[in-house]
Amino acid sequence: MPKYYEDKEEDNRACAGIREDFKACLLQHDCVVKEGKMPSECLKEGHCKALQTSFFECKRSMLDTRSRFRGRKGY
């Protein structure tokens, strides 16, 4: 479930909830915080893989031509 915060501005971009969760997962992961690695390096190691896949699927659904008839998936 996406995390929304009251003190933040509303993000109307597509997949905003998943984007925020994915970003938070990477920046708060031990790989970045304790080991001091870049978030891109932690992604290559496989951290936050489920959120990365969900974000990819959400973005891909925007390009899917079938979504013109069905509508974008409810992410």
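These legends walk you through close-up views of a predicted model.

View 1. Starting at the N terminus, you can follow the elements as α-α-α-α-α. The protein has 75 residues, and 23% of these count as buried. Looking at contacts between residues at least 6 apart in sequence, 37% join residues at least 24 apart.

**View 2. Here two phenylalanine rings, those of F22 and F55, form a stacked aromatic pair.** The count of aromatic pairs comes to one. In this pair, F22 and F55 sit 6.1 Å apart from centre to centre, with 25° between their planes. Planes under 30 degrees apart count as stacked, so the term applies here. F22 belongs to helix 1 (residues 16-28) and F55 to helix 4, so the pair ties together parts that lie 33 residues apart in sequence.

**View 3. A look at how F22 and F55 are covered: F22 is buried, and F55 is buried too.** For F22, the relative accessibility is 12%. For F55, the relative accessible area is 17%. Residues count as buried when this value is under 20%.

**View 4. This view moves to C48, in the loop between helix 3 (39-44) and helix 4 (49-63).** Take a moment to look at the backbone here: C48 has a positive phi of about 60°, although it is not a glycine. With a relative accessibility of 11%, C48 counts as buried.

Note on methods
Residues numbered from 1 in each chain as written. Predicted model: local features only at pLDDT ≥ 70, side-chain atom pairs only at ≥ 80, totals over all residues. Heavy atoms only, no water. Helix = DSSP H or I, 4+ residues; strand = E, 2+ residues; numbered from the N terminus. Buried < 20%, exposed > 50% of the residue type's maximum accessible area, 1.4 Å probe, protein only. Contact = heavy atoms within 4.5 Å. Phe/Tyr/Trp six-rings, centres within 6.5 Å; stacked < 30°, edge-to-face > 60°.
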